[in-house]
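I opened a new page for this one and wrote things down as I looked them up. Here is what I had on screen.

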Amino acid sequence: MTDLANHVRNLDAEALDAELAGLDALEFPHEPRRSLGHALWSATWPKLAAIGVGLGIWYLVVWSDWKPKYLLPWPHDVLSRLWTDTANGKLPDSIAITMQRAASGFAIAVLIGGTVGVLVSRWKVLRVAIGSFITGLQTMPSIAWFPLAILLFKLSEGAITFVLVLGAAPAIANGVISGSDQVSPLLLRGGKVLGAKGFGLYRTVTFPASVPSLIGGLKQGWAFAWRSLLAGELLVIVPKVFSIGARLQNARDLFDVPGLQSTMIVILIVGILVDAVVFGTLERFVRKRWGLVDPAG
Amino acid sequence: MTLTDPGTRIDDRGTVDQPAVAVGPVVSDNTVTVRGATRVFGHGRERVLALDGVDLTVRRGEMVSLLGASGCGKSTLLNILAGLDRPTTGSATVEGRVGLMFQESALFPWLTIRNNITTALRLRGVPRNERKGRADELLASVHLEGFADRRPHELSGGMRQRAALARALAQNADVLLMDEPFGALDAITRELLHDELERQWREHGLTILFVTHDVREAVRLGDRVVLLSSRPGRVKATFDVTLPRPRHIDDVAVSELAAAITTELHEEVRSHARD
């Protein structure tokens with residue numbers, strides 16, 4: 001121990017530098033690199049297996065003759081219908097219409113929900129006044145808004161957008177609010193010590209610190225938006241606009257079960273893709289950036 | 001919980017209510033001056049006396065260790081000195097710009113450490129085109145030049161605290177208030193950071209108030225060790241550390257003085273068992 005004491009005592013500046021550098025090199029976390037192919041495969045095979053199992057169950061149900069074949073056709077008939085309708089452009093056209101509605105509605109929801117969220121998290125009075133109201137709004141099933149929306153906007157795009165925004169905006173606002181609630185007091189203290197106050201503190205610390213929660217709110221908002229949108233498209237059929245929802249309703253009216261089921265598959269795929277690809281990627285990126293990933297995990 | 005009436009105590013000491021924190025040039029040799037600072041939290045029966053007539057001065061360029069067990073109100077005192085809180089009665093003045101460092105680095109996790117420092121420079125009003133260069137200089141001064149583009153969570157605890165030190169220096173702080181900054185580090189890293197802090201202290205002519213509950217660390221670093229009592233926080237004793245620098249935490253003389261202070265600290269802690 002005395003040896004170490006003498007050793008450290010006698011350190012001149014150069015030796016201190018060397019020792020710090022050595023310690024940095026030792027302490028610096030090393031991440032084992034995995035090949036891209038390996039990563040892709042380990043992310044893909046469980047999904048492929050799940051699809052396989054799902055198809056198997058579907059075949060079993062059809063094969064059991066639980067329902068007649070014209071009500072519950074073979075999966076390969078549905079899939080071939082999915083292929084032809086994709087190839088002849090009918091499905092892509094419907095997807096384009098629906099996604100356009102989704103995108104514009106979601107953008108409005110982000111704008112409104114984000115603004116309300118920022119205002120409510122900045123002002124205590126507003127918080128007390130409408131904080132719980134926002135959560136209440138979120139629990140309200142979007143379908144319950146449609147009768148009013150149809151009266152207000154008639155059978156138009158406006159009615160669908162109205163309900164979509166009402167479904168998604170509260171979730172987004174709540175993401176912003178809970179994000180700024182959960183900012184570590186240590187970071188706020190750190191920001192104040194650096195001289196940030198008022199809106200500067202919000203911009204420098206509170207907002208960036210709440211981004212992970214904000215992404216969660218966006219993701220949840222999207223789920224609400226997507227549900228409200230399809231409910232809306234089934235109820236509010238705008239003439240000559242052949243959206244996904246209109247397609248579904250039309251297939252039901254015409255007893256076109258392969259058409260109906262292939263459209264349902266499209267809804268499922270779009271939902272999964274947006275959730276996993278858009279929000280999943282965003283979430284992973286933010287979690288990594290913000291240091292919320294366990295390096296051992 | 002100790003419920004004391006602070007009013008009586010202040011009258012006993014004859015301390016006068018003075019204007020609270022004032023930052024600016026004061027004609028004296030003291031950089032930090034605390035006079036009869038009292039801080040009460042809560043009202044009525046719920047009132048808690050965190051600080052009770054604390055008197056403390058730190059001279060320019062001095063490094064003072066503030067030592068205390070739990071409940072000595074050291075965080076309250078640092079908050080007051082950093083301008084994040086005000087004393088209920090009494091005064092606390094700090095001459096010069098204050099930097100504050102915590103046990104956790106309080107670096108912003110979403111920014112690289114370079115951008116953490118440019119943020120401090122921005123808030124200080126340094127023009128945009130000078131920030132990056134200044135940040136890189138500061139990082140080099142704490143030997144983190146190779147890690148400027150890393151984020152805090154990609155660094156070790158010791159590296160984070162050095163980055164936090166660089167950020168405090170970026171505030172152009174004259175006075176550095178440190179709240180157990182090395183408390184969460186392993187022994188070797190901690191010893192190296194003692195050396196590093198001593199070097200920065202000399203190079204920048206800093207005035208440092210270093211809060212710790214580690215007696216040997218207090219003796220290793222301080223020109224003086226101020227012992228605070230707990231609940232309420234009061235200055236119990238002050239020890240001058242005349243040992244020559246550089247010192248090391250394992251020096252026999254450091255250990256001897258630390259043992260003497262530890263005895264007092266134990267006495268202080270024991271006295272609370274009778275409450």
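This is a predicted model: local features need pLDDT of at least 70, side-chain atom pairs count only at pLDDT 80 or more; totals for chains, interfaces and linings use all residues.

**Chain A, overall**

I began with burial: 30% of the 297 residues of chain A count as buried. For that word I used this cut-off: a residue is buried if 20 or more other C-beta atoms lie within 10 Å of its own, exposed if 12 or fewer, and partly exposed in between, with C-beta atoms placed from the backbone.

Residues are numbered from 1 along each chain as its sequence is written, and chains are lettered from A and ligands numbered from 1 in the order in which they are written.

Next I looked up the helices and strands, which are DSSP runs numbered from the N terminus (helices are H or I, at least four residues; strands are E, at least two). Chain A has 13 helices and 0 strands. Its radius of gyration is 27 Å, well over the 19 Å that the globule rule gives for 297 residues, so chain A is more spread out than a compact globule. The radius is taken over C-alpha atoms, and the rule is 2.2 Å times the number of residues to the power 0.38. I also noted the box that the C-alpha atoms of chain A fill, roughly 90 × 50 × 30 Å along the principal axes.

Then contacts, meaning two residues whose C-beta atoms, placed from the backbone, lie within 7 Å. Among contacts in chain A between residues at least 6 apart in sequence, 74% join residues at least 24 apart.

**Where A meets B**

How many residues of chain A are in contact with chain B? I found 33 residues of chain A in contact with 33 residues of chain B. On the chain A side, α1 (2-9), α2 (13-27), α9 (185-193) and α10 (199-209) each supply at least two residues. The largest share, 9 residues, comes from α2(A). By type, the chain A side divides into 21 nonpolar, 4 polar and 8 charged residues.

**Chain B and its sheet**

I counted up chain B next: 8 helices and 10 strands. Buried residues make up 49% of its 275 residues.

Which order do the strands take in the open sheet of 6? I read β6-β7-β8-β4-β9-β10 (chain B), with mixed pairing; two strands pair if DSSP finds at least two bridges between them. The edge strands are β6 (98-101) and β10 (234-240) of chain B, each pairing on one side only. β6(B) runs parallel to β7 (residues 175-179) of chain B, with 4 bridges joining them. One bridge I looked up there pairs B:Gly99 with B:Leu176 in β7(B).

**Zooming in on β9(B)**

I followed β9(B) from both sides. It runs parallel to β4(B), joined by 5 bridges, and B:Val64 has B:Arg224 of β9(B) as its bridge partner. With β10(B), β9(B) pairs in the antiparallel sense over 6 bridges. These two form a hairpin with 4 residues between them, and B:Arg231 in the turn has a positive phi of about 45°.

Is β9(B) enclosed or open? I found that 5 of its 6 residues are buried, so β9(B) is largely enclosed by the rest of the structure. B:Leu228 counts as buried because 25 C-beta neighbours lie inside 10 Å. Leaving out residues up to four places away in sequence, B:Leu228 touches several residues, including B:Leu66, B:Cys72 and B:Val235.

**One helix to finish**

Last, I checked helix α5 (residues 157-170) of chain B, which has 14 residues. From first C-alpha to last, α5(B) reaches 20 Å, close to the 20 Å expected at 1.5 Å a residue; the expected span is 1.5 Å times one less than the number of residues. I found 13 of the 14 residues of α5(B) buried, so this helix is largely enclosed by the rest of the structure. Just after α5(B), B:Asn172 takes a positive phi of about 60°.

Methods:
Ala, Val, Leu, Ile, Met, Phe, Trp, Tyr, Cys and Pro count as nonpolar, Asp, Glu, Lys and Arg as charged, and the others, Gly among them, as polar.
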